[in-house]
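Trainee: I am new to this structure and would like to be guided through it by questions. May we begin with the model itself?

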Amino acid sequence: GLARVALQLGSALARRADVDLSVSAWGWIQAMFDLPDAVAASSVALRPAAIRSSGIERAYSGRWQRYRSVGHIPSWYRRVGQLLNLVRSPVRGLKPSDFDVVHSTYSRVPRGVRRWDRPVVMTVHDVAPLVLGSDKVPRQQVAVMRRIVDSVEPTDWIVAISEHTKSDFRSVMAVDGRDRIAVIPNGVDRGMFRPVVDATFVAETRRRHEIPDGSFFLTLSSLAPQKNVRFLLGLWPEVRRLNPGARLVMAGGRTEARKALEAEFAATDGVHFTGFVPDESLAVLFSACEAFLFPSLYEGFGLPVLEAMASGAPVIASNRSSIPEVVGNAGTLLDPEDSRAWVLAISEALSLGPRSVPHLPSINQASRFDWDKVATDYVALYRKALAS
């Protein structure tokens, strides 16, 4: 999700005649080497910054790619990469005079950039690890988010992707920068996420992911605890009791976590686990489902909801955190811990009969989240930072 947002924002900025953009990936050592392939696949040509990698970094990347080719990267090798991240210079070879503004779309700004004396813009997607705590989020993620928040300096300009994220960030930030926090929501990739009405293509996609015939509801999740997937799976027997044949398709999730969850709910009828689904298939499933279900307890934005709406899916989602900002009046918002309300809403959707056309309220709401407008808002902030 974060990578897709960064690429879409970069593409929207690169389309503008008044922006000269170079892109980099400094959050993780291997990302620097993966970046050229990632931007080459973008719809708009993006220019990677001319960073000089060291021999040690190249050696690390070579071994990383060998591990990745066999499908397993040892945890000890990841820790080596973390140590390299602490000591390496991710902007080696760049000239500060070539840049007016430095924008980090997620990670903290490297120490070398801090010495450039250039305005810094940082996008904050959420502070979930600090809000939810280590009982719901791995301790390592809490530590990473704490480092990001603590790295903010009083002169930095912050972009929160929702009003909710802005409020949460202000509550945990280490400096008083309330006048330098703007809210700029994400956009949605309409080239990828749009209604798919080709019945043959839909049927082929369903076969590829072994989804049985008939109507189905869709949910998508990384399986992190705050995504609240177990709540949804736990109420499905009651949905089936009231609506025999109701089917839930659970897409996404890391292999180990998905297999554990699948084993736990193996006796639950009407639930199908697909595992990872590529974007092109996901757009089809959004288009074909009766409704997209998203009972998350916490989101900094809720990109899956927006992508589902852009694909024409009705949405039944949580009424917490930033999700109401994205859904607006186009979907059904419910308490993500009220199983009765969810069962009733799902039953009501089924009572309408199989969905045959895109849900216009969803499409209209999604049209408000446009990447070109997002880029315009960012450019205005860059100019404000330069003028300050």
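Mentor: Val-315 is in contact with Phe-292, Val-305, Ala-308, Met-309, Val-327, Gly-331, Thr-332 and Ser-362, neighbours within four places in sequence being left aside. Please bear in mind that this is a predicted model.

Trainee: Which residue of β2 stands opposite Ser-104?

Mentor: Strand β1 (residues 102-104) runs parallel to β2, and 3 bridges join the two. In this pairing, the residue of β2 opposite Ser-104 is Met-122.

Trainee: How many of the residues of β2 are buried?

Mentor: In a regular strand the side chains alternate between the two faces of the sheet. On one side of β2 are Val-120, Met-122 and Val-124, on the other Val-121 and Thr-123, and both faces are covered. The number of buried residues in β2 is therefore 5 of 5, where buried means under 20% relative accessible area.

Trainee: What is the bridge partner of Val-124 in β3?

Mentor: Strand β2 (residues 120-124) and β3 run parallel and are joined by 4 bridges. Thr-123 has Val-159 as its bridge partner in β3. For Val-124, the partner in β3 is Ala-160.

Trainee: Which residue of β4 stands opposite Ile-158?

Mentor: Strand β3 (residues 157-160) is covered on both faces, with Trp-157 and Val-159 buried on one side and Ile-158 and Ala-160 buried on the other. A parallel pairing of 3 bridges joins β3 to strand β4 (residues 181-183). The residue of β4 opposite Ile-158 is Ile-181.

Trainee: What is the bridge partner of Phe-217 in β6?

Mentor: Strands β5 and β6 run parallel, with 4 bridges between them. Both faces of β6 (residues 248-251) are covered: Leu-248 and Met-250 are buried on one side, Val-249 and Ala-251 on the other. The partner of Phe-217 in β6 is Leu-248.

Trainee: Is Thr-274 buried or exposed?

Mentor: Thr-274 is located in strand β7 (residues 271-275). Beyond residues up to four places away in sequence, Thr-274 touches His-209, Ile-211, Val-249, Met-250, Ala-251 and Gly-252. Its relative accessibility is 16%, and the cut-off for burial is under 20%, so Thr-274 counts as buried.

Trainee: Is Glu-210 buried or exposed?

Mentor: Glu-210 lies in the loop between α9 (199-208) and β5 (217-220). Its phi is near 55°, a positive value in a residue other than glycine. Because its relative accessibility is 62% and the cut-off is over 50%, Glu-210 counts as exposed.

Trainee: Is Asn-228 buried or exposed?

Mentor: Asn-228 is found in the loop between β5 and α10. Its phi, near 65°, is again positive in a residue other than glycine. Its relative accessibility is 12%, so Asn-228 counts as buried.

Trainee: Within what arc do the buried residues of α4 fall?

Mentor: The 13 residues of helix α4 (residues 75-87) should span 18 Å at 1.5 Å a residue, and the end C-alpha atoms are 19 Å apart, which agrees. Tyr-77, Gly-81 and Leu-84 are its buried residues. Seen down the axis of α4, these residues line one face of the helix, because they fall within an arc of 60°.

Trainee: Which helices do the buried residues of α4 pack against?

Mentor: The residues concerned are Tyr-77, Gly-81 and Leu-84. Their packing partners are α2 (29-40) and α3 (55-69).

Terms used. Residues numbered from 1 in each chain as written. Predicted model: local features only at pLDDT ≥ 70, side-chain atom pairs only at ≥ 80, totals over all residues. Heavy atoms only, no water. Expected span 1.5 Å × (residues − 1). Buried < 20%, exposed > 50% of the residue type's maximum accessible area, 1.4 Å probe, protein only. Arc of directions from axis to C-beta. Contact = heavy atoms within 4.5 Å. Pairing = 2+ DSSP bridges.
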